[in-house]
Structure formats: C-alpha cells, structure tokens
Amino acid sequence: MDWCKRPDTMYRLAIGSFVQDTNRVEIVQVVNEEIQRTCSFEHPYPPTKILWSPDVQKDMLATTGDYLRLWNINEDGSVEQTVLLPNNKTELCAPLTSFDWNDVNPEIIGTASIDTTCTIWDIERKEPKAQLIAHDKEVYDIAFAPQQTEVFASVGADGSVRMFDLRNLDHSTIQYETPDHLTPLLRIAWNKSDTNLLATIKKDSKMPIILDIRIPSYPLFELEGHLACVNALDWAPHYGYANNTQLLCTAADDQQALIWEMDKTSRANGAKLTYTASAPINYVRWYKVDPSWIGITFGSKLQILRM
C-alpha cells in the first residue's frame with residue numbers, strides 16, 4: 001500500500017492483494033469520505049511492496065515480487081507495464097522482498113532480495129548501477145538515507161542493520177545486530193525529519209527498535225506498548241505536536257495502530273494515540289501530502305484514519 005504523492009490527485013492509494021489465485025493491484029481514491037475504486041490490474045505473484053513515484057510529474061507505480069516492475073497510469077484509467085527488471089541474468093530469478101524509491105533522484109530504485117543482495121537500479125537506463133552481497137542471509141528491506149542518493153541501509157535474516165555508501169562499497173557499517181545474531185530484522189524506516197533516527201522490527205517481537213546512527217551497536221530504546229508482534233511502521237513526514245518531536249506509527253497483530261511521540265531527549269513515554277481495528281493490522285502508511293491521514297490494512301480491508 002502507498003499514497004500517491006501528486007498534489008493534483010489527492011487522497012489516492014494503491015493497494016495489493018495476497019492470495020493464492022490471481023493477485024491484483026487496486027488504485028482507489030477517497031471522495032467525499034468514501035473509498036472509490038478507480039482502476040485495477042493483475043500482478044504476477046503477490047506484490048511484496050508498492051510505491052508511487054516521488055516524481056509528481058509522472059503518474060507511475062513500482063512493484064516488487066518476482067521482478068521489479070514499473071507501471072504507467074494513463075489518463076483513461078488504463079495501466080501499462082513499462083519496465084521489467086530481473087534481479088539476476090539467470091533463468092530462475094530470486095524473489096524480491098522489498099524496495100525503496102529515491103526521493104532526490106527518482107531515476108534510482110534500490111531492491112532487496114532473498115539471494116542476500118541489494119541492487120541499485122537506474123530505471124531510466126534499465127540497468128543496475130550496483131549490485132552487492134549485503135547480508136549473510138536473506139535481505140528483507142532497504143531504505144535510502146533522506147536527501148541522499150548514495151547512502152542506504154538494509155536489514156535481513158542475519159539480524160543486522162547495515163549501512164552502505166555507493167561511493168565506497170568495499171566497506172559497510174553494521175549499525176545494529178540482534179543479541180543472538182539469529183533473530184531476523186524484517187523492516188527498516190528512516191526518519192525524514194531527523195536523519196539520525198532509524199526504526200526497525202524483529203521477527204515475532206512486540207517492541208519496535210529505535211536506532212541513532214551516531215551510536216552504532218546499541219539501540220537507542222525499544223517501544224513497549226503492543227501486545228503481539230509488530231508488522232509495520234512508518235515515520236510521520238512532519239514534526240510532532242511539540243517543537244522538534246518525532247512521530248512514529250506502528251501496527252501489530254494485537255489489532256492496534258499506535259502513534260508514538262519522541263522528544264529531543266530521544267525518549268518515548270508511551271503511545272500518544274491508539275486505534276484498534278477488527279483484525280491484526282499488517283501494514284501502515286502515513287500520507288506525505290496531508291499528514292493528518294494514515295492508511296492501514298488488515299484482512300481484506302483498507303481503512304483510512306484521520307488524526
């Protein structure tokens with residue numbers, strides 16, 4: 001799920017299915033406080049992630065699954081696949097677990113794969129800028145550093161957060177490792193307002209982990225509030241209620257979406273806001289154009305929350 005960034009098509013989202021039969025991507029829009037379907041298209045295999053292009057001049061989506069695919073949304077509502085990029089040149093491609101679209105240069109996309117690699121793509125040339133073995137096991141997520149095109153971080157089944165710089169791929173920084181070096185890290189989110197802050201989640205853990213890249217190896221703190229494993233998290237695109245505070249939304253199997261506020265002392269004193277859905281929540285996405293809106297998915301439902 002992702003919100004469209006274009007200001008001329010407000011409150012529009014793309015959501016993907018996860019079923020055994022034919023999977024689809026639906027494009028919907030909030031009109032008069034009702035969610036209306038505008039178009040849909042088939043997708044081979046369940047999409048592991050969906051993002052709208054950060055280039056607001058283009059009406060374009062990207063998805064991952066078996067391949068990295070780019071889709072153009074035409075004015076008549078039809079959808080056209082324009083780019084198909086495999087992770088490798090062999091006959092059997094390794095599935096892609098996630099990707100990130102660079103905000104500074106929309107021609108750059110980074111993908112993560114179960115074959116332990118991260119690939120940085122030049123989608124204009126339809127070729128990789130770089131491909132590297134990023135982890136000892138499967139890579140589960142990737143995120144570019146805010147306002148940069150060269151620096152990115154990834155997490156994987158080896159339980160580590162690693163940072164890379166495309167200008168020097170001979171070295172990487174292990175930002176954090178789980179104490180047992182066995183528990184996978186599933187998701188990573190980079191704060192757009194305070195670029196020192198990262199958030200990640202461990203498999204089957206109730207507590208999201210907050211990291212400060214200036215203090216490697218140790219978590220800044222863990223957020224205690226969920227009653228079951230956390231599935232997703234997303235930083236707010238704006239500051240919090242007080243000056244220079246940071247907001248993070250987390251969603252979990254306890255059916256709750258929690259909003260946390262962190263101040264300059266880098267402490268979170270419990271969740272500020274709580275929403276309880278009717279089923280375990282599997283994804284959450286903050287609307288960058290209007291930060292008072294948050295999208296969540298659970299079961300077969302999409303729900304829009306307004307703060």
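Biologist: Where does aspartate 290 lie?
Modeller: Aspartate 290 is in the loop between strand E25 (281–286) and strand E26 (293–298). Strands, E, are DSSP runs of at least two residues, helices, H or I, are runs of at least four, and both are numbered from the N terminus. Before we go on: this is a predicted model, where local features need pLDDT of at least 70 and side-chain atom pairs count only at pLDDT 80 or more, while totals for chains, interfaces and linings use all residues. Residues are numbered from 1 along each chain as its sequence is written, and side-chain values use heavy atoms, with hydrogens and water left out.

Biologist: Okay. Is aspartate 290 buried or exposed?
Modeller: Aspartate 290 is buried, at a relative accessible area of 17%. Buried means under 20% relative accessible area, exposed means over 50%, and partly exposed is in between, using a 1.4 Å probe and protein chains only.

Biologist: Which side chains does the side chain of aspartate 290 make polar contacts with?
Modeller: The side chain of tyrosine 11 is one, at 2.9 Å, and that of serine 292 is another, at 2.7 Å. A polar contact is a pair of N or O atoms within 3.5 Å; within protein, one must be able to donate a hydrogen and the other to accept it, and residues adjacent in sequence count only if both atoms are side-chain atoms.

Biologist: How many residues apart along the chain are aspartate 290 and tyrosine 11?
Modeller: They are 279 residues apart along the chain, with 8.4 Å between their C-alpha atoms.

Biologist: Switching to the whole protein: how many helices and strands are there?
Modeller: 0 helices and 27 strands. Of its 307 residues, 52% count as buried.

Biologist: Now strand E15. How many of its residues are buried?
Modeller: In E15 (residues 160–165), 5 of the 6 are buried, so the strand is largely enclosed by the rest of the structure.

Biologist: What does E15 pair with?
Modeller: E14 (residues 151–156) runs antiparallel to E15, with 5 bridges joining them, and E16 also pairs with E15 in the antiparallel sense over 5 bridges. Two strands pair if DSSP finds at least two bridges between them. Serine 154 has arginine 162 in E15 as its bridge partner, and methionine 163 has threonine 173 in E16.

Biologist: How many residues are between the strands in those hairpins?
Modeller: The E14 and E15 hairpin has 3 residues between its strands, and glycine 159 in that turn has a positive phi of about 75°. For E15 and E16 there are 6 residues between the strands.

Biologist: What about glutamine 175, buried or exposed?
Modeller: Buried, with a relative accessible area of 2%. Glutamine 175 is found in strand E16 (residues 172–177).

Biologist: And what does its side chain reach?
Modeller: The side chain of glutamine 175 reaches the backbone oxygen of isoleucine 213 at 3.1 Å. Leaving out residues up to four places away in sequence, glutamine 175 touches several residues, including Val161, Met163 and Pro216, where contact means heavy atoms within 4.5 Å.
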